[in-house]
Structure formats: C-alpha cells, structure tokens
Amino acid sequence: MRKPIVAIIGRINVGKSTLFNRITRKRTAIVENEPGITRDRIYAECEWKEKQFTLVDTGGVDFIKQEEMQKKITVQTELAIEEADLIILLVDIKEGINPDDFKVANAIRRKNKLSILVANKGDVSDSELKLYEFYELGFGEPYIISAEHGSNVDDLLDKIVTHISDVKVESEEEENIIKVSILGKPNVGKSSLLNCILGEDRTIVSEIPGTTRDAIEIVFEHDSLKLIFIDTAGLRDKAKPKEDVEYYSTLRTFEAVRNTDIVLLILDSTQGVSMQDKKIANYIQKERKACIVVLNKFDLIKNNIEKKLFIDEIRYELSFLKKSPIVMTSAITGYNIEKIISTIKEVALQYSKKLPTSALNAFIRDVILKNPPKYVRGNTLKIRYVTQTGIKPPKFLLFVNNPKLMYTAYHRYLENNFYEAFGFEGSPVIIKIAKKEAEGRTV
C-alpha cells in the first residue's frame with residue numbers, strides 16, 4: 001500500500017528543514033542559518049502511533065528573486081504540492097506575515113489540497129501577538145509550534161495522522177526494490193543524468209557546481225523493475241570543516257552509499273579519470289558495493305577518440321573496481337540512457353547471485369588443479385571445501401587446514417577465477433577463510 005504523502009511547504013527560512021528533522025528524528029535535511037539551504041525535495045519514511053506516511057521537505061519559495069536557481073526551487077515546490085495528500089503550510093510567527101506567504105497559500109489553494117496552517121518559532125516571547133495576521137491566509141486558525149525545541153510537535157503529529165487517516169491511496173504489490181546511488185564530483189552531470197532517466201526535472205540542475213546538497217531518494221519503475229535512485233551531493237577534493245554545509249552534504253552522501261545496492265559512478269568524459277574520481281571509486285570498493293561506471297558528456301568527445309582505447313584507459317585507471325561495466329552516455333542527448341537501466345538490472349542480478357555448493361566445490365577443485373598453492377612456512381594450504389554464506393555482495397567461505405597459509409597472491413588468484421567462472425560483473429566478491437580439520441579428503 002502506498003503511504004500518504006505529507007509535504008512541508010513555505011517561504012525561505014521559516015524552519016521547514018528543522019521541522020522535517022524533528023519529525024524524522026534525525027538530521028536528514030541540512031539545517032544552517034543561511035537561507036535557502038534545502039534546494040530539492042527530500043523524502044523520509046515516518047511513523048506516528050502506528051500510522052505510516054512519507055514526509056517531504058522542500059526548498060524555500062522566494063517569489064521576489066528571479067535567479068535561475070530560485071525559479072527551479074519554486075518549480076520543485078509546485079511539484080511537491082501536486083503529489084502531496086496533505087500539506088503543512090509553515091509560516092514564521094516571529095517575523096509575522098510576509099507577501100510570499102500569500103503567494104504560497106494561493107499556490108496550495110489552486111490545487112485544492114488538504115492543508116494545516118502551522119506557525120513556527122512559537123517559543124519567542126509575545127509571538128502570539130502576531131498570530132491574528134495569519135488568519136488572512138484563509139487556512140483557519142494557525143497551530144503554534146517550535147520546531148527547534150519540539151514544542152507542540154507531538155500534537156501536530158496527532159493532527160497529521162488524523163487528517164491522513166481518511167486519505168485513499170493506491171495499493172502496490174510488494175517487490176524487490178533495488179537502491180541505486182548516483183555518485184561523482186560536482187558538476188559531472190549527476191542530476192541531469194537522473195532527470196534524463198526519469199523523463200522529468202525531478203532534481204535541480206544548474207551549471208553551478210554543488211547544486212544538489214542533500215541525498216534525494218526517488219522511486220522509479222521501468223517495466224517490472226523497481227528502483228530507488230539516490231541523487232547525492234558532489235564530492236569535492238578537499239575536506240570541509242565540520243560547521244560547513246558541504247561537510248554535512250558529504251556525510252549524507254556516505255550514508256546513502258552505505259544503504260545502497262548499486263552505485264553509478266559518474267565521470268565527465270571530457271576530463272578522464274581524476275584523482276578525486278579514484279578516491280570516490282576506492283570508497284565504493286571499501287564499502288563493497290556493486291558499481292557501474294558511467295561516462296557522461298560522451299557526445300562532446302565521441303568524434304575525437306578511439307572508443308576502445310578510451311575504455312581501456314578508464315579500466316586501467318580504475319582497475320581496482322573489478323569487472324565494473326562502463327557505459328558511455330550523454331544526459332543532454334539521451335544517448336545510451338536505456339543501456340544504463342539494462343546494466344543496472346544485470347548488475348543487480350550479479351550482486352544477488354547464489355551458487356549451489358556442489359558447483360562451487362567442483363569449481364575449486366579445477367582451480368586448485370590448474371594452480372596448486374605454494375609451499376609456505378613448512379606446509380601447504382589445503383582447501384577442504386567452499387560454501388556461499390551471503391549475497392549483496394556474494395560472500396564465500398573457504399574451509400582450509402590453516403588460514404595462515406593463505407597468501408595474498410593465491411587469494412587474488414581465487415578471486416579472479418570466481419569472476420572468470422561465474423561473472424559477477426559490477427559486483428564485489430568476498431572470500432573469507434576458516435579453519436577446518438581434515439575429515440576425509442579435501443576438495
């Protein structure tokens with residue numbers, strides 16, 4: 001069953017992200033004193049008194065500013081209003097009513113959406129003196145809270161679940177969902193690529209590096225395939241101080257990768273593989289995530305390079321990402337976008353692949369026969385048998401006579417043969433060793 005969607009809407013700096021974080025009980029949206037920190041729609045699953053709903057944080061609306069970025073934030077807010085089942089219209093009781101409050105209210109009224117008017121920053125002395133102003137918005141009596149201190153937020157949640165209890169939502173069949181994070185340096189075209197895949201401007205795109213600041217989750221269905229794309233902030237080369245907004249963006253990106261199945265590592269084809277690209281790829285490998293390398297902006301260089309040599313060079317530079325598929329694409333022209341989807345599907349299968357124990361042990365026998373372990377420390381490694389212990393990524397356990405006899409080169413030899421025999425394109429393979437005393441013959 002699809003969960004009701006509750007969107008927090010309001011002008012700039014009324015405390016939308018603070019309320020979002022208070023309800024979700026974690027720092028999902030970045031909060032700073034700088035106005036306009038939230039730029040895209042951010043989603044979180046919430047539950048209150050056994051009632052589940054999806055909460056949406058939106059960028060602050062400023063109808064006066066005409067900059068390209070602000071126009072795109074306003075469009076994002078209008079899309080959030082469109083998809084919401086319930087809207088929290090958040091205003092600032094400390095500052096009082098603002099012309100933009102009327103414009104936001106009118107945008108909600110045009111969509112005829114169920115709404116709650118909430119006056120934030122109610123902890124400020126004499127704040128109730130300005131309460132009467134907000135009746136002019138035509139949404140009834142404002143409900144006073146303090147998102148920062150949590151005052152009346154529990155009561156607000158009671159109101160929310162009461163309003164959404166009657167909301168009719170479409171049912172959904174339970175399916176396997178694949179989580180896909182989009183990772184890369186700033187301005188390599190991550191959001192543009194995602195918008196091209198989705199077929200809509202779901203995330204804000206600009207020539208300004210670092211446009212995406214939060215990790216944004218978006219559900220996408222393609223035939224029978226159900227994906228959750230996570231668009232992340234661009235990872236810059238230099239670390240930022242802890243009080244910096246970009247520091248929190250980086251933390252959110254790392255958290256997104258930890259909770260994902262597959263990472264799309266986006267590179268700028270015109271720049272090749274930079275040191276920062278390698279650092280990001282190394283992080284993906286350390287987290288043991290499946291990976292697809294996507295060469296965006298390929299349309300800008302395709303007439304000036306030999307494709308095979310170019311791919312070979314990328315593979316060489318990212319050689320530690322074993323067997324990761326490389327897809328050349330262009331978010332601007334749409335070139336090879338379908339190839340990204342089909343590659344995600346194939347890599348998801350490899351990442352979840354399970355092998356029968358009998359086939360594994362027959363494989364290990366052949367591998368040992370071709371290249372037996374060397375004599376080490378007065379003894380020889382003997383592999384008793386192998387079994388698969390997990391998926392996402394595939395994990396294997398080798399039972400041996402003495403784990404200390406396993407040397408790096410032979411471990412790498414076994415790993416390479418796993419890839420050669422079973423595929424595992426784009427997926428890491430984890431091989432662990434355990435001691436097993438002899439009970440009859442080895443494999």
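This briefing describes selected local features of the structure above, grouped by topic.

The model is predicted, and local features are reported only at pLDDT of at least 70, side-chain atom pairs only at pLDDT 80 or more, while totals for chains, interfaces and linings use all residues. Residues are numbered from 1 along each chain as its sequence is written, and side-chain values use heavy atoms, with hydrogens and water left out. Helices (H or I, at least four residues) and strands (E, at least two) are DSSP runs numbered from the N terminus.

**Aromatic rings**

- The structure holds 12 aromatic pairs, where rings of Phe, Tyr and Trp (its six-membered ring) pair if their centres lie within 6.5 Å, and planes under 30 degrees apart count as stacked, over 60 as edge-to-face and the rest as tilted.
- One of these is the tilted pair of Tyr407 and Tyr410, with 5.8 Å centre to centre and 50° between the planes.
- Tyr410 has 1% relative accessibility and therefore counts as buried, a term that means under 20% relative accessible area, with exposed meaning over 50% and partly exposed in between (1.4 Å probe, protein chains only).
- The planes of Tyr419 and Phe424 stand at 85° with ring centres 6.5 Å apart, so this pair is edge-to-face, and both Tyr419 and Phe424 are buried.
- Tyr419 and Phe424 also belong to one aromatic cluster, together with Phe363, Phe396, Phe418 and Phe422.
- Lys353 lies over the face of Phe424, 5.3 Å from the ring centre; a charge sits over a ring if NZ of Lys or CZ of Arg is within 6 Å of the ring centre and within 35 degrees of the ring normal.

**Packing of helices α5 and α9**

- Helix α5 (residues 190-198) packs against helix α9 (residues 337-351) at an angle of about 85°, with the axes 10 Å apart; axes are lines fitted to C-alpha atoms, for helices over the stretch in contact, and angles run from 0 to 180 degrees between N-to-C directions.
- Because of that angle, α5 is roughly perpendicular to α9, on a scale where under 35 degrees counts as roughly parallel, over 145 as roughly antiparallel, 65 to 115 as roughly perpendicular and the rest as oblique.
- Leu193, Cys196 and Ile197 of α5 make the contact with Ile337, Ile340 and Ile341 of α9, contact meaning heavy atoms within 4.5 Å.
- By class, this contact has 6 nonpolar, no polar and no charged residues, with Ala, Val, Leu, Ile, Met, Phe, Trp, Tyr, Cys and Pro counted as nonpolar, Asp, Glu, Lys and Arg as charged, and the others, Gly among them, as polar.

- Helix α1 (residues 16-24) is largely enclosed by the rest of the structure, because 7 of its 9 residues are buried.
- The buried residues of α1 are Lys16, Ser17, Leu19, Phe20, Asn21, Ile23 and Thr24, and what covers them includes β1 (5-9), β2 (42-48), β3 (51-57), β4 (86-92) and α4.

**Backbone geometry**

- Most residues other than glycine have a negative phi, and most peptide bonds are trans.
- Asn152, in the loop between β6 (143-144) and α4 (153-164), has a positive phi near 65°, and it counts as partly exposed at 37% relative accessibility.
- Not counting residues up to four places away in sequence, Asn152 touches Tyr143, Ile144 and Ile145, while its C-alpha atom is separated by 9.4 Å from that of Gly122, 30 residues apart along the chain.
- Asn187, in the loop between β7 (177-183) and α5, also has a positive phi near 65° and is partly exposed at 31% relative accessibility.
- The peptide bond from Lys392 to Pro393 is cis, with omega near 5°, and Pro393 lies in the loop between β15 (383-390) and β16 (395-400).

**Two buried helix residues**

- Asp277, in helix α7 (residues 275-286), is buried with a relative accessible area of 0%; neighbours within four places in sequence aside, Asp277 is in contact with Lys185, Leu265, Leu267 and Gly272.
- Ile81, in helix α2 (residues 68-83), is buried with a relative accessible area of 2%; neighbours within four places in sequence aside, Ile81 is in contact with Ile9, Ile87, Ala107, Ile108, Lys111 and Lys113.
- Ile81 and Ile8 are 73 residues apart in sequence, with 8.9 Å between their C-alpha atoms.
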